[in-house]
Amino acid sequence: MSVEAREGAKPGRKPRADAQRNRERLVEAAKAVFDKSGAEASLEEIARAAGVGIGTLYRHFPTRDALLEAVYRREFVQLAETARRLLDSATPGAALHEWMRLFVDYIATKKVVAPALGAALGEISASYAASGMRLTEALSQLVGRAAASGDIRADADPEDILLALVGITYGNTSPNWRASALRLIDILMDGLRAPGGGAETRP
């Protein structure tokens, strides 16, 4: 039985927590379906994957663009917030390396979402501006900690690294671009390692 069917058996308004869970399920399902089938994937398929009815999807996301934007926003927010978690659980160099590898997944979603949202970019430009700012801040924190610890070169520049990441991911048009990007990130990390060896930075 679907989540919506279970909710339909209860009189009155759905609890806010249930509505939030439904929204999260829908965004998670949409990411997976869009990655697999593209931005024009069936919204009914997304609703089924989330375990809700199509009416629930439209209550949360009245248009396809609204759902696409929600997927995009979640991806950059999660990537930005992951920086702190990685720094708490790994050496600074390894945290930076893992974050750069996760950047590949973020770009994979952006490659699907951004073209589909092209006609609506004027309305959602704030999301794109926010994403650039938050990701730059997260990367700056990671680079600063890795440089201070001696894991990478002291003169490493976060903006240079971000430009390199964009080039080897978003700018990579080969059929197997993900595998290529991950290999290039390993090479980039080797180049960033401080003279004299530094700490092991493999995630």
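Which residues in helix 5 meet which in helix 6? First, the ground rules. I am working on a predicted model, where local features need pLDDT of at least 70, side-chain atom pairs count only at pLDDT 80 or more, and totals for chains, interfaces and linings use all residues. Residues are numbered from 1 along each chain as its sequence is written, and side-chain values use heavy atoms, with hydrogens and water left out.

Entry 1, the helix pair. I took helices as DSSP runs (H or I, at least four residues), numbered from the N terminus. On the helix 5 side I listed Asp-65, Leu-68, Val-71, Tyr-72, Glu-75, Phe-76, Leu-79, Thr-82, Ala-83, Leu-86 and Leu-87. They meet Pro-92, Ala-95, Glu-98, Trp-99, Leu-102, Phe-103, Tyr-106, Thr-109, Lys-110, Val-113 and Ala-116 in helix 6. Contact means heavy atoms within 4.5 Å.

I then checked the geometry. The axes of helix 5 (residues 64-89) and helix 6 (residues 92-116) come within 9 Å and cross at roughly 175 degrees. Axes are lines fitted to C-alpha atoms over the stretch in contact, and angles run from 0 to 180 degrees between N-to-C directions. The two helices are therefore roughly antiparallel (over 145 degrees).

I found Pro-158, Ile-161, Leu-162, Leu-165, Ile-168 and Thr-169 buried in helix 8 (under 20% relative accessible area, 1.4 Å probe, protein chains only). On the other side, Glu-159 and Leu-163 are exposed (over 50%).

Thr-169 counts as buried because its relative accessibility is 0%. Not counting residues up to four places away in sequence, Thr-169 touches Phe-103, Val-104, Ile-107, Lys-111, Trp-177 and Ala-181.

Notes:
Parallel < 35°, antiparallel > 145°, perpendicular 65-115°, else oblique.
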